[in-house]
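Here is a short briefing on one protein chain. Please look at the model first, then read the points below.

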Amino acid sequence: MKIKGFLQDVTGASRVTKARLGAFEAASAVPEATDPIADVVAQWHPKKFGVTVTAVRDASPTAKTIRFVRTDKEKLPFFYAGQFVVLDFKIGESVISRPYSISSAPFEAREDNGFFEITVRRSKGDGFIADYMNDSLKVGDTLTAMMGCGQFYYEPLRDAKHVVALAGGAGITPFASMAKEIAHGTLGCDLTILYGSVSADDIILKDELDALQSDKVHVVHVLSGDAPDWQGERGFLSAELIKKYAAPDTTYFICGPQAMYLYLQKELQKLGAPKRRIRFEVFGQAKDITQFNGYPQELKDKTFNLTVRRGIHEDVIPAKATESLVVALERAGIRIETACRSGACGFCRTKVLSGSVYICPENDGRRAADKDFGYVHACAAYPTSDLTIKIPIA
Ligand code: FES
């Protein structure tokens, strides 16, 4: 049997070779005017494209879900449930980019009149773009988008079949996308979402999540604040609570504020969860870099001189020790490409010519060669001396 199969392979290969040679001989000597492969790639992964707001609805008393379609009516690019979109906002003369996890499902983008949605919570005073999205963005407005970005998605070859999602606040959004895709039958894992909120009013997308409950999608709301009438789970997403819902082999997906992520790392250690079974998405830059291991506390009130070279231009701008290089550049109106803003994607890759930086250890997504040759991801690098950097012209 094996010999017969081998001979079939060999004779099959010679038939294919003959067919290929025939195709070469029949082909025109004049090169194709367009590259069909490049056309397909551009269609599936366009670099940036315009999007128009087609609907805005409440997702909770403090959050809105915003629906977008492509302005040019082309199909949206492919993305996985859990990935994020980068939106560009023009503020005065500057363009500022922000990443948002997609809260709708990939299948909804593939349908006719395909769309994607993001769900944005009003800030607690420190996010003017989140407030702009909640208060001012309206149907008909247009933005520029890039998608799908990030590694925060279920991969059956890597992840366990049972997934426990640990969500806090607006960190529920990628799991809403996963839950919808599972309910649609196009994502093959079981998902238990442990969703921590302070009060019932803080729960985002509650009705949509509850409607998705099934034998494959289980949503557990956990309240940490005073809630006298609450019948469900209470407290924080502790090791004890997680253990109650985990299977013997579970992959944990974490998405939420920085403090929750730091806390959950310790709780999962108590359960002996191996690192390869923990995946996390940190929303944007670290809120308070001084909380991370190894941060030089003695420098936290300092401001350094940052010399920025782009092409033939050179500027010297101030850079606070507690703000990333990206923030210093944006404050000075210098454009740098960003996507994840959490050190993972490399869009803001920057060469350090002189001086030193602190790199947030949780957000150091650099390749080994970049570390050797003095490159940093500017969204995860904080000045610890006067500094000279070279950035690409955006
Ligand atoms: S924007 Fe992704 S690494 Fe900086």
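Which residue in S4 is the bridge partner of Val86? The partner is Pro99. This is a predicted model, in which local features need pLDDT of at least 70 and side-chain atom pairs count only at pLDDT 80 or more, while totals for chains, interfaces and linings use all residues. Residues are numbered from 1 along each chain as its sequence is written, and side-chain values use heavy atoms, with hydrogens and water left out.

**The chain overall**

- The chain has ten helices and 19 strands; helices (H or I, at least four residues) and strands (E, at least two) are DSSP runs, numbered from the N terminus.
- Of the 394 residues in the chain, 47% are buried; buried means under 20% relative accessible area, exposed over 50%, and partly exposed in between, with a 1.4 Å probe and protein chains only.
- The C-alpha trace spans about 70 × 60 × 50 Å along its principal axes.

**Strand S3 and its neighbours**

- Six of the eight residues of S3 (residues 84-91) are buried, so the strand is mostly covered.
- S3 pairs with S4 (residues 94-101) in the antiparallel sense over eight bridges; two strands pair if DSSP finds at least two bridges between them.
- Two residues lie between the strands of this hairpin, where Gly92 takes a positive phi near 60°.
- S3 is also joined to S6 (residues 142-149) by four bridges, and these two strands run antiparallel.
- In S6, Val86 has Met146 as its bridge partner.

**Helix H5**

- H5 (residues 173-183) is mostly covered, with ten of its eleven residues buried.
- Among the buried residues of H5 are Phe175, Met178, Lys180 and Glu181.
- Gly185, which follows H5, has a positive phi near 85°.

**Aromatic pairs**

- Rings of Phe, Tyr and Trp (its six-membered ring) pair if their centres lie within 6.5 Å; planes under 30 degrees apart count as stacked, over 60 as edge-to-face and the rest as tilted.
- By this rule there are nine aromatic pairs.
- Phe78 and Tyr80 form an edge-to-face pair, 5.1 Å centre to centre with 85° between the planes.
- The rings of Tyr80 and Tyr153 are stacked, because their centres are 4.3 Å apart and their planes are at 20°.
- This pair links distant parts of the chain, 73 residues apart: Tyr80 is in the loop between S2 (63-70) and S3, and Tyr153 is in the loop between S6 and S7 (162-168).
- Tyr80 is partly exposed at 38% relative accessibility, whereas Tyr153 is buried at 14%.
- Phe78, Tyr80 and Tyr153 are linked by ring pairs into a cluster.
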